[in-house]
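Subject: Structure for your reading

Dear colleague,

Please find the structure below, followed by an account of what was found in it. I would be grateful if you kept the sequence open beside the text while reading.

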Amino acid sequence: CAAGTLGILIPPSIMMVVYGGLTGMKETSVGNLFAGSIFPGLLLASLYFLYILVRCTINPQLGPPISKEEASKWSALQKFVLTMKSLIPPMALILAVMGTILAGVATPTEAAALGALGALILAMFNRKLNWTVLKESAFATMKTTSMVMMLFIGGKFFSTVFLSMGGGDVVADVLVGSGLNRWLVLLIMMGIVFLMGMFIDWAAILLVTVPIFMPIAMELDFNPLWFSILLCVNLQTSFLTPPFGYALFYFKGVAPEGYTMGHIYRGIIPFVLLQILGLVILAVIPGLVTWLPSVFFGS
């Protein structure tokens with residue numbers, strides 16, 4: 001479940017595309033967000049890996065190895081070929097999408113078209129390309145696009161009315177004018193996002209919080225790209241935190257018989273804590289976010 005949540009952080013990420021469209025700022029362009037989220041994604045993956053390694057070293061039964069009988073069915077060459085066949089095509093597709101964006105050759109929209117073309121080619125080589133696949137893909141794309149656009153409409157209605165009534169100024173005055181340390185204000189904003197993630201979808205949270213929190217972050221002289229990545233990393237927890245973590249219900253749908261939601265809720269607690277730890281590390285070491293975008297796109 002925790003590894004699955006990295007899908008909305010590690011590029012190409014729909015969340016970054018939505019976020020970049022919301023702010024309209026050069027500093028938080030989709031290209032900068034993609035570049036800035038790579039190291040945070042790898043950091044979280046490394047934290048998961050180290051935690052699992054330590055737990056399974058202490059208690060090997062938590063992650064039992066493949067039996068010798070199963071392992072002996074394949075030669076080393078067969079394992080290598082099978083791994084490469086599974087690994088290279090999707091990696092090539094990701095590099096085609098990400099590489100063109102980071103190199104400045106294509107916009108995110110053009111890179112998405114390139115990714116769709118690459119997916120069609122892979123489906124064709126795997127002999128999975130047929131009319132049914134094309135139809136279902138187009139229908140799924142239409143449903144996802146419609147969902148995101150409806151969220152945009154609802155979120156825009158809310159933020160426009162809220163801000164026009166002076167709600168944003170009230171929140172800013174309370175947080176900025178309270179005399180609190182700016183890091184404490186940041187902690188309050190991150191805490192609000194974390195709590196909202198327990199009950200609301202990430203897209204709705206972005207549409208409600210970004211128009212309110214981004215001006216506050218700018219007023220407090222926080223780097224807008226760094227703040228944006230912190231917000232997006234925080235939003236990963238919305239997939240794991242009860243009672244409405246989507247990943248938990250997805251997992252329950254495929255879990256073996258005998259596993260209850262109680263088992264799953266207890267199981268994800270360490271990974272939510274690791275996500276919070278990753279968030280703290282990124283807050284303390286902002287270069288993990290800002291260095292790569294500066295290499296690709298300048299300061």
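A polar contact is a pair of N or O atoms within 3.5 Å; within protein, one atom must be able to donate a hydrogen and the other to accept it, and residues adjacent in sequence count only if both atoms are side-chain atoms. Such a contact is found at the start of helix α9, where a side-chain oxygen of N181 comes to within 2.7 Å of the backbone nitrogen of W183. Helices (H or I, at least four residues) are DSSP runs, numbered from the N terminus.

The model is predicted, so local features need pLDDT of at least 70 and side-chain atom pairs count only at pLDDT 80 or more, while totals for chains, interfaces and linings use all residues. Residues are numbered from 1 along each chain as its sequence is written, and side-chain values use heavy atoms, with hydrogens and water left out.

Helix α9

Helix α9 covers residues 182-197, which makes 16 residues. From its first C-alpha to its last it reaches 23 Å, close to the expected 22 Å; the expected span is 1.5 Å times one less than the number of residues.

Leaving out residues up to four places away in sequence, M196 touches I205, V208 and T209, where contact means heavy atoms within 4.5 Å. The C-alpha atoms of M196 and L235 are 9.1 Å apart, although 39 residues separate the two along the chain.

Helices α11 and α13

How do the axes of α11 and α13 cross, and at roughly what angle? They come within 9 Å and cross at roughly 175°; axes are lines fitted to C-alpha atoms, for helices over the stretch in contact, and angles run from 0 to 180 degrees between N-to-C directions. The two helices α11 and α13 are therefore roughly antiparallel (over 145 degrees; under 35 is roughly parallel, 65 to 115 roughly perpendicular and the rest oblique). W226, L230, V233, N234 and Q236 of α11 meet Q275, L279, L282 and A283 of α13 in this contact.

Aromatic pairs

Rings of Phe, Tyr and Trp (its six-membered ring) pair if their centres lie within 6.5 Å; planes under 30 degrees apart count as stacked, over 60 as edge-to-face and the rest as tilted. By this rule there are six aromatic pairs. F39 and W291 are stacked, because their ring centres are 6.0 Å apart and their planes lie at 15°. This pair links distant parts of the chain, with F39 in helix α3 (residues 30-58) and W291 in helix α14 (residues 287-297), 252 residues apart. F39 is partly exposed at 28% relative accessibility, and W291 is partly exposed at 49%.

Y51 and F271 form an edge-to-face pair, at 5.3 Å centre to centre and 85° between the planes. Y51 belongs to helix α3 and F271 to helix α13, 220 residues apart. Y51 is partly exposed at 21%, whereas F271 is buried at 17%. Y48, Y51 and F271 form one aromatic cluster.

Yours sincerely

Key: Buried < 20%, exposed > 50% of the residue type's maximum accessible area, 1.4 Å probe, protein only.
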